Every structure is written in structure tokens, then in C-alpha cells.
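Welcome, and thanks for taking a look at this one. Here is a short tour to go with the view below.

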Amino acid sequence: MTTAQTQELDVQPTPLALLLLGREADPRSERGVECPGDLPSPSDPNLVERARAAKEKLGDKVFVLGHHYQRDEVIQFADVTGDSFKLARDAAARPEAEYIVFCGVHFMAESADILTSDDQKVVLPDLAAGCSMADMATAEQVAECWDVLTEAGIAEQVVPVSYMNSSADIKAFTGKHGGLICTSSNAKRALDWAFEQGEKVLFLPDQHLGRNTAVRDMGMSLEDCVLYNPHKPNGGLTAQQLRDAKMILWRGHCSVHGRFSLDSVNDVRERIPGVNVLVHPECKHEVVAAADYVGSTEYIIKALEAAPAGSKWAIGTELNLVRRLANRFAPEGKEIVFLDKTVCFCSTMNRIDLPHLVWTLESLAEGNLVNRIEVDKETEAFAKLALERMLALP
């Protein structure tokens with residue numbers, strides 16, 4: 001087809017393509033698109049200087065948090081970097097900061113609001129920066145699931161354990177029903193605690209972290225786990241299946257880590273002899289089983305820091321982090337590649353770009369509070385209870 005013929009077709013980008021490019025939103029799962037103001041142009045050559053100037057004007061009044069999966073153009077302005085829970089705790093440790101600008105996604109900003117003081121205001125540069133995994137479990141769906149467990153006669157035996165990558169509503173449900181929150185680093189300790197309280201666990205919302213922790217780290221079998229699908233009557237399970245299960249896994253997953261496959265592992269081993277495969281526990285069970293090392297983003301970073309010069313690594317996590325690590329350790333002779341051949345950014349995390357950050361900082365510097373994330377008091381109380389149980393883990 002010629003260029004002229006292509007132009008005559010007047011091909012328009014699909015909604016999905018626009019979503020992945022960060023130019024649209026899914027109204028069923030995200031929380032808004034437009035900023036109440038004019039964004040700077042991405043082509044503005046002064047964006048970096050504008051961000052520096054606004055941040056300098058704000059001084060100690062602002063504390064910028066940068067998640068590991070953020071773009072380099074954004075991460076350069078972060079006062080601290082880390083995973084979602086570390087960043088929320090870092091924010092709580094800076095009570096003098098009036099504004100917490102969270103360069104991450106919506107549930108992360110909620111967690112920061114829960115853990116910080118009432119005097120601090122948490123801001124998300126783009127309200128459409130959601131998380132597909134967190135959105136896979138709504139409060140209504142989880143309440144319905146609890147009704148199903150009640151009808152099966154097992155609710156009193158079930159302890160909910162919710163991954164940090166969940167909404168404030170889900171964290172509050174967890175706290176209200178005697179459960180706790182976990183991270184990818186302490187999931188086993190959280191499950192050990194839960195099984196001391198009850199006979200079964202409802203693990204929300206990431207099935208892969210729940211399954212990998214139960215089977216790989218705790219010695220359970222795959223048969224001990226059942227998958228609850230909120231889009232099917234009774235979760236697609238019989239009452240007997242629920243009674244027989246130890247782990248009731250919510251049918252949720254990370255859109256980034258769920259893309260890695262066993263073929264990805266086999267392919268990279270063929271292409272790079274002697275490569276070490278290191279993946280995040282949000283990956284599918286067969287990928288985790290085939291990997292050499294498994295751990296959180298913090299674990300991945302520390303493993304590469306400790307790796308000998310000349311070693312080769314294929315990393316199964318978000319591409320922004322992998323590229324940053326590859327550049328960081330290249331001078332040490334460490335070869336670091338992305339596990340898959342397909343580009344795998346977190347599309348919603350990437351909505352936090354330099355124009356949104358500049359707009360946010362300049363608005364705050366002018367005294368205009370924008371895009372505040374605020375969790376209501378009742379939800380905050382129960383969510384904090386679930387978080388405090390995690391913090392009390394040995």
C-alpha cells in the first residue's frame with residue numbers, strides 16, 4: 001500500500017493504542033484524564049529548568065517520591081526512590097513537608113495519604129495514573145466474595161491478605177476482617193501470620209504473588225490453591241472447592257509481569273549462555289519456577305549490586321527499571337538485558353511524565369493545590385489497621 005493510499009484511509013488510533021500511549025483513559029477503571037489547567041508542551045525545551053525552578057521555590061515544603069518504574073525524566077527530580085511501601089514510609093518520615101508529590105500510581109498515593117499526617121497533602125501529578133492490578137478488585141466484588149465464603153460456611157476460617165498493590169478500599173476491607181497487608185518482600189511472613197489466625201487465606205488481588213509464595217516458599221501444592229473469578233457466579237467455584245482450598249486466590253495480575261512467559265526464559269538462555277534469570281514474584285508460576293532468582297524490585301537492585309563483574313543477567317520486571325540498571329552497572333562489566341523481546345512499560349505508571357510534573361510543581365509553587373489524593377477517615381482507619389498488622393510482623 002502506498003503512502004497516498006494510507007493517507008486516504010485516514011486511519012485513527014484505537015482507544016487501546018491511545019491508552020497505552022498515555023493519551024486516553026479507561027473510564028471503567030481509571031480516575032480522570034484532564035488536569036484542571038494547561039499542561040506544558042512536551043516539546044518545551046525549558047521543562048527541566050522549569051521543574052528545577054519550581055522545586056527550588058517550594059524548598060522543604062515539597063517532597064517528591066519516585067517509584068522505580070518511573071521514566072528517567074521524572075526520576076531525576078525525586079528526593080527518594082523505591083517501591084510503593086518504602087516511599088509511603090519515607091513520606092511519613094518527613095512531617096515538615098507540606099506537599100508529598102507521588103510519582104507513581106493511584107494506590108501508592110492513597111497509601112502515602114494513609115500513613116502521613118493530616119497536615120500533609122499527597123498529590124498525584126496525573127489522576128489517570130491508575131493500576132490495572134489494583135482495579136481488578138473492587139470493594140463491591142470483594143464484599144460479594146465474602147458473601148460467597150459465608151454461604152460456603154468458611155468465612156470464619158478465612159483471613160484476608162492483601163498485596164500492597166491494592167486500593168484503599170481493599171486495604172480497609174482487609175483490616176476490618178482481621179487481615180493484613182503484605183509486600184512482595186514479606187509475603188511469606190504475612191501468610192505465616194495469617195495461617196496462625198485461621199485455616200485459609202483469601203489473597204488479593206494478585207494471584208501470581210499468592211500462588212508463588214504459597215507453593216515456592218511455603219511448600220504447598222498447586223492443588224491447595226483455587227482461583228476466584230469475580231466475573232463468574234460464586235467465583236466460578238463450588239462450595240466444596242472453597243472448603244478444600246488453603247489459598248483462595250483472587251483472579252488479578254500485573255499487566256507488565258504477566259507478559260513474561262516460559263518461552264521468554266528459554267529464549268534468553270539460548271541467546272545468552274550462562275545468563276542468570278532474575279524475576280519479580282508477580283510473574284506467572286512457570287516463569288518463577290524456571291528462574292534462577294526471584295524477588296522484589298529492591299531485591300533485584302541489591303542482587304545486581306552484589307553481582308560480580310562480567311556476570312550476565314536477564315531481568316523480568318518493568319523496562320524503565322531494567323534499562324536504568326543496565327546503564328548503571330555497564331561500567332562494572334555487568335551485562336543486563338530485559339527478559340522479553342517485547343517492550344514492556346507500565347502504561348499507567350508512564351502517564352507521570354515531565355509535563356505533568358512541571359504543571360504540578362508550578363501549581364504548588366503558585367499556591368494552587370492540585371490533584372490531591374485524600375482517603376476518607378473510616379477507610380483510612382481500617383486500612384491503617386491492616387498496615388499496622390504488617391508492620392508488627394517479626
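Which residues of helix α9 (residues 187-197) are buried? They are A187, A190, L191, W193 and A194. Please keep in mind that this is a predicted model.

**Confidence**
- The average pLDDT of the chain is 89, and 90% of the residues score at least 70.
- Over residues 1-35 pLDDT stays under 50, and for this stretch the model has 36 contacts beyond four places in sequence.
- Where pLDDT is low, predicted coordinates should not be read in detail.

**Helix α9**
- The buried residues of α9 fall within an arc of 160° when seen down the axis, so they line one face of the helix.
- These buried residues pack against the strands β5 (158-163), β6 (180-182), β7 (200-204) and β9 (247-250), and against the helices α10 (207-217) and α17 (377-391).

**Nonpolar cores**
- The largest nonpolar core has 105 residues, and those with the most contacts inside it are V101, V161, F203, M247, V279, I336 and L361.
- Apart from this core lies another, of 21 residues, among them A137, C145, L149 and L242.
- Leaving out residues up to four places away in sequence, F203 touches V161, C182, L191, L209, G210, M247, I248, L249 and W250.
- One of these partners, L191, is also one of the buried residues of α9.

**A88 and its surroundings**
- A88 sits in helix α5 (residues 84-92).
- A88 counts as buried because its relative accessibility is 0%.
- Beyond four places in sequence, A88 touches F102, S111, A112 and L115.

Note on methods: Residues numbered from 1 in each chain as written. Predicted model: local features only at pLDDT ≥ 70, side-chain atom pairs only at ≥ 80, totals over all residues. Heavy atoms only, no water. pLDDT = per-residue confidence, 0-100. Contact = heavy atoms within 4.5 Å. Helix = DSSP H or I, 4+ residues; strand = E, 2+ residues; numbered from the N terminus. Buried < 20%, exposed > 50% of the residue type's maximum accessible area, 1.4 Å probe, protein only. Arc of directions from axis to C-beta. Core = buried A, V, L, I, M, F, W, Y, C linked by side-chain atoms within 4.5 Å.
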